[in-house]
Amino acid sequence: MASPLSKKQKLDAPASDQSPLPLANGDRVPRQRARDEAGEEEQGLVALVEHRVKEVEAIKTKLAHYQSMLEEAEKKLGESKAKLNLLQSRNKNQNQSNSTSNIKSRPQQVTAAKPVKSNIPSSSTPVKSKATVAVTEKRKQEKQPKRKIEEKEHQDLIPSVKRSSKPIALEFGSTVIISSQHKRKLRCLELCPTNDNLFVTSALDGLINFWQLNAKIPSASLLSTTDCLSPNQRRWPEDIAWHPAGDTIIAVYSGDPGDSQISILDLNQSGQKRVSFLEAKPHSKGLINSVAFSPWENDICFLTGGSSDHSVVLWREEGDDNLSYRHKLVHCNLHSSAVMGVSALRHKKIVLSVGADKRIIGFDVLAGRSDFKHQIEYKCMSVLPNPCDFNLYLVQSGAPGQQLGLYDVRLRRTEIHSFGWKQDSSDSQSALINQSWSPDGWHVSSGTADPKIHIFDIRYQGRGPSQSVQAHQKRVFKAMWHQSLPVLSSISSDLNVGLHKIY
C-alpha cells in the first residue's frame, strides 16, 4: 500500500509531466507557421521573377533600339567617308590631269555618240607622257633596289564581313560607252599602277591599246596601239599585267613548243624595239592562263600559272635591263588539273594558286613547301587578294549562285562568306569573267554572262548583289575600279569599253 507522502508528491507534479496533450498541440503550431512562411517566400520569388522578366524585355527593347541606331550611324559614317574619298579623289584628279595634259601628239577623242576611227597605225607609237618620263628619270637616279612597291597599311576588315543586314549602295551617274578600236573580242583590261588616268585593253586581234582617261566627262582617248602577237604561231596574249613601276607590261601566251611564252612591252621604246620576248620557256604545254605581279616590297617578281603542265613559275627581276628575269619553278605537282589563277599575299611570301581541280594552294616560297591546301566542291577560276586587309582573299568558282568566296588565310580551309549571282542568259560559268576590288576593300565588282556589272558589299549578310549596273549589250568580262578616281571601267564582248561615273 502506497504511502500518503508519495501520493502527495504526484499531485504536486507540473501539469506538463502529468499529460502529453498540451505537447502535441504545441507541435502543430510551428509546422503551420513554417508552411505559411514558405508560401510567402514562393509568392515573393514569383513576383521577383515577373519583375526581372519585364526588366530583361525592357533591356532587349533598348538593345534593339541602340543596335538600329548603331547600324544607322555606321551607314552615315560610311557615306561620309565615301564622300570624303570622292572629294579627295577629285582634287587629286585635277593635279594628275594637269601633269598629263601636255602630250606631244594630241590624241583623238572618242565619244559614245560619235565614235571616230583611229588613225594610229598597227605598228607601235611611243607614249611620252610626263608620268612615263618621270618614272624613267627616277629609275636612273635611284640606287638599288631600282624598283620599290609602295608600302600600304594593313586594315582589319574581316571582323566586319557579313555583319550588316543592309548593304551600302553606291551612287552611279552617267555611263559612257566608247569603241575599243579592237577588231576581235576583248580579253584583258589593266590600269596603270602609277597613273590613274592611263589604262590598256587587249583582244584576240593581238593588239594592246593604250588609253588616257578623262574622269570628269568621263571619256577616254586612244594614245597608241601595239602589235603583241607571238612571233611564230601569232597567238594573242592570254593575260597581261602592268609592272608596279608603270613602264612595262608583261603578256603571257602558250607553253606549247615552238613559240615564245612571255613578252615585255616597254613603254619607253618605239617601233619594233617596243616588244621583246623572253628566251626562257619553263612551261611545258597548254595555255598560260594567268600572270600577276607580287606585292612584295623590294622584291619585284611576277607569277605565271600554266594550264596543262599544272605548274606555277616565279620570275624575279635582276639588273637594270627590262629583259633580266630569272625564272624558278614554284611547284608543278600540287594541282592535278589546269592552274587557272595565281597571286601572292602582301605580308607573307606565300603564293596563292587555284585550279580546275577545285584546289586552293598556299605555297610558302621561303620554306619551299605548301603552307595550306583546300579542296572545294567546284572548279576554281581566279584568286584575288584584298587591297586593304592582307589576310583576306577572294576566290571565283563555278558554284551556281555563289561564285565568289571569301577566305581568311589564318583560318586555312574556312570560307567566311560566299555570294554570287544568277545568270539569265546561260548557266555555264566562264573563266573569262573576272572581278576587281574597290580601293577601300569593301566592294567587289564582277562581270557576268548577262550585259551588266554586279557590285557586292562584303559587309552585307545577303548572298546576292548589293546592286547591278546595266552596262553593255553583251556579256561583261571585267569592271575595274580606278584607285583615286570615281570611275569604274569595263570591257565587253560587244567590242566596247564602258566608263561609269561614281558619285
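The accessible surface of the chain comes to about 25700 Å². Carbon and sulfur atoms hold 51% of that surface. Accessible areas here come from the Shrake-Rupley method with a 1.4 Å probe, and for residues only the protein chains shown count as cover. This is a predicted model: local features need pLDDT of at least 70, side-chain atom pairs count only at pLDDT 80 or more, and totals for chains, interfaces and linings use all residues. Residues are numbered from 1 along each chain as its sequence is written, and side-chain values use heavy atoms, with hydrogens and water left out.

The chain has 503 residues, and 47% of them count as buried. Buried means under 20% relative accessible area, exposed means over 50%, and partly exposed lies in between (1.4 Å probe, protein chains only). The secondary structure comes to 4 helices and 29 strands. These are DSSP runs numbered from the N terminus: helices are H or I with at least four residues, strands are E with at least two. Contacts mean heavy atoms within 4.5 Å. Among contacts with a separation of 6 or more, 53% join residues 24 or more positions apart.

Now the charges. Helix H3 spans residues 21–99 and includes Glu 72. Glu 72 is partly exposed, at 39% relative accessible area. Together with Glu 71, Glu 74 and Glu 79, Glu 72 forms a patch of negative charge on the surface. Patches are made of residues with over 30% relative accessible area and no salt bridge; like charges are joined within 9 Å, and nonpolar side chains (Val, Leu, Ile, Met, Phe, Trp, Tyr) within 5 Å. Lys and Arg count as positive, Asp and Glu as negative; His and the chain ends are not counted. The place of a charge is taken as NZ of Lys, CZ of Arg, CG of Asp or CD of Glu.

The whole structure contains 11 salt bridges. A salt bridge is a side-chain nitrogen of Lys or Arg within 4 Å of a carboxyl oxygen of Asp or Glu. One of them joins Arg 234 to Asp 227, at 3.4 Å from N to O. Arg 234 is partly exposed at 43%. Asp 227 is partly exposed too, at 32%.

Arg 316 and Asp 299 form another salt bridge, at 2.9 Å from N to O. Arg 316 lies in strand E13 (residues 312–317), while Asp 299 sits in the loop between strand E11 (288–293) and strand E12 (301–306), so the pair ties together parts that are 17 residues apart in sequence. Arg 316 is partly exposed at 22%, whereas Asp 299 is buried at 11%.

Arg 459 and Asp 457 make a further salt bridge, with their closest N and O atoms 3.0 Å apart. Both of these residues are buried. Elsewhere, salt bridges link Arg 187, Arg 235 and Glu 238 in a network.

Ser 493 lies between strand E28 (487–492) and strand E29 (496–502). Ser 493 counts as buried, at 8% relative accessibility. Leaving aside residues up to four places away in sequence, Ser 493 touches Lys 185, Lys 474, Arg 475 and Phe 477.

Ser 270 is in the loop between strand E9 (262–266) and strand E10 (275–277). Ser 270 is partly exposed, with a relative accessible area of 37%. Ser 270 and Thr 226 are 44 residues apart in sequence, and their C-alpha atoms are 9.5 Å apart in space.
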